[in-house]
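Reader: Please show me how to read the main features of this model, one at a time.

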Amino acid sequence: MKTIYLLVLLFQLSILSAQKEIQITDLTKIQTISNVQFSPDGAHILYNVLSIIPDTKDKWDYQYQRQLWVSERDGQSTSRQLTFQKEGATGGTWAPDGQSIAFVRSVDSKPQIFILPMAGGEAWQLTNEKNGASNPVWSPDGKSILFSSNYTLAEISIDSTLNPAKSVPAWPTEKAGFINNDYLKQNNVKADPNGSLEEIRAYLALNEKDKKAKVITKLQFQQESGTSNDLSFNHLFTVAVSPEAKPVRLTDGYYSFANPQFIPHSSKILVQSDIDPTEHPDRSLESEIYTIDLSTKQLHKILGTPGIAYNQATISPSGKTIAFVQSKTNTVSIPALSIIPLNGSEKDIRVLQHDRSISDIHFSSDEKNIYLSSPSNGGVVIFKIDLERNQSTPMTSYDEGISSFDMNHGHFAFAKITIHNPSELYTADENLKVLKLLTQFNTAWLADKKLSHPEKYSFKNEKGQTIEYWVMRPIGYQSGQKYPAILDIHGGPTAMWGPGEASMWHEFQYYCGKGYTVVYCNPRGSGGYGEEFMRANINDWGKGPTDDVLQALDGAVAKGGIDTGRLAVTGGSYAGYLVAWIISHDQRFKAACSQRGVYDLTTFFGEGNAWRLVPNYFGGYPWQPEALKNLERESPITYVQNIRTPYLIFHGEQDLRTGVIQSEQMYKSLKVMGKTVEYVRHPGASHEITRSGNNRQRIDQMLRTWEFFERFLYPKS
């Protein structure tokens, strides 16, 4: 017996010794499931899988690719890949009879809709729209598909289908010096730089069209990675599911229409739009809910109120009730989950009790409950909303993340993030208690990996708020020894981290594999804890959240195993801001790293497309004296002379969400003063570099951060 026990022990030890830490290139092995959808009969599950594949031209580069897969709900057969082309596939959706799937694939750099017969055979192209076609929605009878296509203002002004009367917008386009938008009518004037005023204007317009000049008249001209004066409008079409079928226009004019759904047992669809003839689309933040009659194309407004945005409209199975979220514009708030009868009005709105952000709204088949997902307490959780009792109940764990889910007559299917695995597909019973794993996309490469498991703790801050934080020990951690630690901070500021948050899964495990303890928390201002908590950092971006994250670090230190002489801090976006604030007010860290941060709030208003954070959080604009005082007080650049911590600053060169000049100013200020600072720019990178950016640059940024920390936490003599 002793011999058998010894052999088993040796076998277990051999397995453990063969395990390896997470490596930097393991980032490229992660496959992510999204867009989970049951077949109409509930027997199969359709979903997208995002993979990172090697670039065929450069061995160090990688490309993203999405493909469609299908699994049986009962898990009796192996999951099956449906699409294989290098262009990938997105937006898969079942036909009502379950015999076909509509999806989107790029053709000549434009999205087009394809139909894939499930009985076998190649997918065939349904649309060939010059501006592309996306977001396919099957009609209830399966004979036609509703889709979206995008057009610029200039295109609509001359399009006989979308603008039969050749009219100009009723709202002001804000072209300086022109009244009634008449300049849009001058489309037939000959371009001549030596001609009349009208011909010179035509020549100048031609230069704009040919990208020789970019004339800005929009308020919201900054995009994620460039500037543009183009206004674009999303319009809806239907097309018969037949080769060579011609699309039929449903909407027109200088407005956008989104989230279309067929209303059961009717000849209408439900849509969202913002139809305001008095206000430029950049200035109008409202969103309204309409129905469109498919035969007459007439719009009927159900909900629309000045200062309110109605979004995520979802029709119930009977077509009698609409669920949606509503929020005030120009404020920091959590949209309120609400319902209304299809034929109701504002007075019939019923607000439901659910103090969390919302996605993936689903009615139960009997319409007694609504199921949805929400970030909450470190996880992304499926909640059940009892409509009769107006009661919200979490159905899944706060320690996991549900990234996409669907339901079909008492069964659930969902993609889930766990501590052990960044994405797999599961099914569950109606109570979400009996789970079945259907896929193994990440299981194989994780089989020989050592993973760190987060320990969850909490404390009360000076406001009496509960602050949750997590401690991840380094791989190979031994009690009684001390290890370096990284305080990792989330952005937003309304983001939320926890074991169920997908974007940091690899980074946390990588640092733990390198011998670091990782500490992270959700300070005041984070999402996932209700509106009062989220608003707790208004006009207090610096001191209050700093107190919370440093108290979390102190709590981790008190639990032992952390070398307080080897502490580092890092974070991106708002957390890049907070890192700068911390090291200008606290000197405990041996090294610090800010990614794509904001450092001067007085200029951030002009430099980034997230500029509305300035009035929403600080009560006004830089030219207003009281607001200016707030912005200067809360700007890390105000305290830059106090920074003594060795500092690494990252920014993508095409990042216009926060504005790359923010990091230039911080770096140059420190460099003039002779401080220890290093500045890294990533060419072509936008604000999304660490989440969905170039994978070589994602790897580069993480490696540079670790290498920089090693310089100062383990200095060479």
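Author: Start with burial. A residue counts as buried under 20% relative accessible area, as exposed over 50%, and as partly exposed in between (1.4 Å probe, protein chains only). Buried residues account for 52% of the 717 residues in the protein. This is a predicted model, in which local features need pLDDT of at least 70 and side-chain atom pairs count only at pLDDT 80 or more, while totals for chains, interfaces and linings use all residues. Residues are numbered from 1 along each chain as its sequence is written, and side-chain values use heavy atoms, with hydrogens and water left out.

Reader: How many helices and strands does the protein have?

Author: Helices (H or I, at least four residues) and strands (E, at least two) are DSSP runs, numbered from the N terminus. The protein has 14 helices and 38 strands.

Reader: At what angle do helix α7 and helix α8 cross?

Author: Axes are lines fitted to C-alpha atoms, for helices over the stretch in contact, and angles run from 0 to 180 degrees between N-to-C directions. The axes of α7 (residues 543-558) and α8 (residues 574-583) cross at roughly 85 degrees and come within 10 Å.

Reader: Which residues make the contact?

Author: Contact means heavy atoms within 4.5 Å. From α7 come K543, P545, T546, V549 and L550, and from α8 come Y574, L578, W581 and I582.

Reader: What does the C-alpha trace span along its principal axes?

Author: The span is about 80 × 70 × 55 Å. Among contacts between residues at least 6 apart in sequence, 55% join residues at least 24 apart.
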